[in-house]
Structures are given as structure tokens and as C-alpha cells.
Amino acid sequence: RSTLFPYTTLFRSLKAAHVPELLKFLGKAPLPEATTKALEEAEVSYASAVAAAQQLTDADVETLSDMPKPSEVIVSVVEAACIALGVTPDYDTAREKLLSSPHLQESIQKYDKTAVPPNVVKQLQRRSAVSLPADALPCVTALNNWIKSLLQLDALSDDIATERAKLSVSPAMQVLCLSVCDIFGIGHLDEDLRSEERRVGK
């Protein structure tokens, strides 16, 4: 008996109309062009913000740290940076634990933009609606641009998750795809999908 026997019924059920769904499962279906373009632009914006932060001089950071009476806008930006970087959002604490060079620059450079906790995002969103004057301190401008670009990326990640969900396939089609992968030895199959295969096959 052929080794293909267990999958014969599934193969016979495959129709031309199923091909787009197969492509979705195999990761071939692209995201909408507008989403892809927005993501690329957001990545460029974030990279530029990080690069700008790396260009800050010791004097730029020291000037911000030494301000005796920072304005509410400056305090808001500094506290937002503290929240993102895991420092207590307090200006005096920021002076001690964040506003020093090259520590500040290195912290931003090493930041994992793909793993921002949801509670951090919410706090940043509440503090991100600030308008800086044209003559704002370089360090304040750099921090503000970094926070805004970080939030932009996070918002797009939600959009992309929604688009990916639209590319999901039915359980029966998952079984068929997994069967093809099994036969041709394609990749490392997810155990959850194998469980689905057993469930649908009953």
C-alpha cells in the first residue's frame, strides 16, 4: 500500500480555488502594499531616530541633565524616555540613572523595539502628545523623536497582526497543507497544527 494512502482523500479534495489558501498557509501571500510601505517608512524613521540619538554629544546630554527648572514639556519627554527604558519616571531619578553620556545613547541603541510591553506603550501614548519649540534642546528633540518613532512601529505591529490574521486558513486546509509538508519533509511542523490534524481526522 502506498505511503500516500492516508492522504489520498485529502488530495482528491484539493481544487484550484484552494491554491490561494495554500499560498497563505505557506507564507507566500504578501501583506497589502500600503501596510508594507508604512512598515518600511516606520523602520526608516526609527533607525533615523536612533542614529540621531547616537550623535548626541556629552554636552548635549549634560545640558539636559543640569537644567535647574525644566519645563513641563521637557519633563514629559524625559519621563517618557524613562518609562521606555525601565527607569522610574522622575526627573531627579533620570539625572542619576539615565541622563549621562554615553549611557543614554547606548541604552537607546540596544533597545529592543520588538518587545515593548503593552503597559509601557499605554503610558508612552499618554505622554507623547507634546509639541516641541523649534529651538528645543538637541537631547530633548532626539528623545521625543525616538519615542514617537517607537510608538509608530508598535501601532503598525497591531495592523500587521490584523492583516496576518486575515491570511489564516481553515482547520481542514491546515491538515491538507501539513500532509503535503510531511510527505516532502518541508520544515519543522508546529505541534498545535498536528493536534488539529488529529482532531479533524477523527
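Y111 and W146 are both buried, meaning under 20% relative accessible area with a 1.4 Å probe, protein chains only. This is a predicted model: local features need pLDDT of at least 70, side-chain atom pairs count only at pLDDT 80 or more, and totals for chains, interfaces and linings use all residues. Numbering starts from 1 along each chain as its sequence is written, and side-chain values use heavy atoms, with hydrogens and water left out.

The structure holds 1 aromatic pair. Y111 and W146 form it, edge-to-face, at 5.2 Å centre to centre and 85 degrees between the planes. The cut-offs: ring centres of Phe, Tyr and Trp (its six-membered ring) within 6.5 Å, and planes over 60 degrees apart for edge-to-face. Y111 sits in the loop between α7 (103–109) and α8 (118–127), W146 in helix α9 (residues 138–166), so the pair ties together parts 35 residues apart in sequence.

Now the core. The largest nonpolar core has 41 residues. That term means buried Ala, Val, Leu, Ile, Met, Phe, Trp, Tyr and Cys joined through side-chain atoms within 4.5 Å. L64, L104, L124 and W146 have the most contacts inside it. Helix α9 gives the largest share, 10 residues.

Take L124. Setting aside neighbours within four places in sequence, L124 is in contact (heavy atoms within 4.5 Å) with A80, I83, A84, I147, L150 and L151.

Finally, the whole chain. It has 11 helices and 0 strands; helices are DSSP runs of H or I, at least four residues, and strands are runs of E, at least two. Of its 202 residues, 36% count as buried.

Technical notes:
Phe/Tyr/Trp six-rings, centres within 6.5 Å; stacked < 30°, edge-to-face > 60°. Buried < 20%, exposed > 50% of the residue type's maximum accessible area, 1.4 Å probe, protein only.
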